[in-house]
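Work through the exercises below with the structure open. Each task is followed by a stepwise solution.

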Amino acid sequence: MRKITVFVPAKLLASAQDYTAKGVSETVREGLERLARQHSNELLLALRGKVKFDVSLDALREDREFDEHGNVR
């Protein structure tokens, strides 16, 4: 953990806390986690169509059991 001091607009923080129904630290933490996830998603989307897989879907499913609806048991 790292303790920081952050200056944010009071209305912005209040609005975010209303949304999360959490305290200041938890709300800021959740916002930072969402930004980190968004960044990861953008990096993954940038790879779209650039990664070749040599394993077939059927091969991946070989060791699984499925019910009558096709759901993994």
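The model is predicted.

**Exercise 1. Find the salt bridges in the whole structure and state which residues they join.**

Step 1. The search returns 2 salt bridges.
Step 2. Take Lys-22 and Glu-30. Their closest N and O atoms lie 3.2 Å apart. The cut-off is 4 Å, so the pair qualifies.
Step 3. Take Arg-34 and Glu-30. Their side chains meet at 3.1 Å, N to O.
Step 4. Check the spacing of this second pair. Arg-34 and Glu-30 are 4 residues apart in helix 2 (residues 24-46), which means about one helical turn separates them.
Step 5. Shared partners link Lys-22, Glu-30 and Arg-34 into one network.

**Exercise 2. Classify Glu-30, Lys-22 and Arg-34 as buried, partly exposed or exposed.**

Step 1. Glu-30 has a relative accessible area of 17%. Buried means under 20%, so Glu-30 is buried.
Step 2. Lys-22 reaches 42% relative accessibility and is partly exposed.
Step 3. Arg-34, at 40%, is partly exposed as well.

**Exercise 3. Describe how helix 1 packs against helix 2.**

Step 1. Helix 1 covers residues 10-20. Its axis and that of helix 2 come within 10 Å and cross at roughly 85°.
Step 2. Angles of 65 to 115 degrees count as roughly perpendicular. Helix 1 is therefore roughly perpendicular to helix 2.
Step 3. List the contacts. Helix 1 contributes Leu-13, Ala-16, Gln-17, Tyr-19 and Thr-20. Helix 2 contributes Val-24, Thr-27, Glu-30 and Arg-34.
Step 4. Sort by class. The contact has 4 nonpolar, 3 polar and 2 charged residues.

Key
Residues numbered from 1 in each chain as written. Predicted model: local features only at pLDDT ≥ 70, side-chain atom pairs only at ≥ 80, totals over all residues. Heavy atoms only, no water. Buried < 20%, exposed > 50% of the residue type's maximum accessible area, 1.4 Å probe, protein only. Helix = DSSP H or I, 4+ residues; strand = E, 2+ residues; numbered from the N terminus. Axes fitted to C-alpha atoms, helices over the stretch in contact; angles between N-to-C directions. Parallel < 35°, antiparallel > 145°, perpendicular 65-115°, else oblique. Contact = heavy atoms within 4.5 Å. Nonpolar A, V, L, I, M, F, W, Y, C, P; charged D, E, K, R; others polar.
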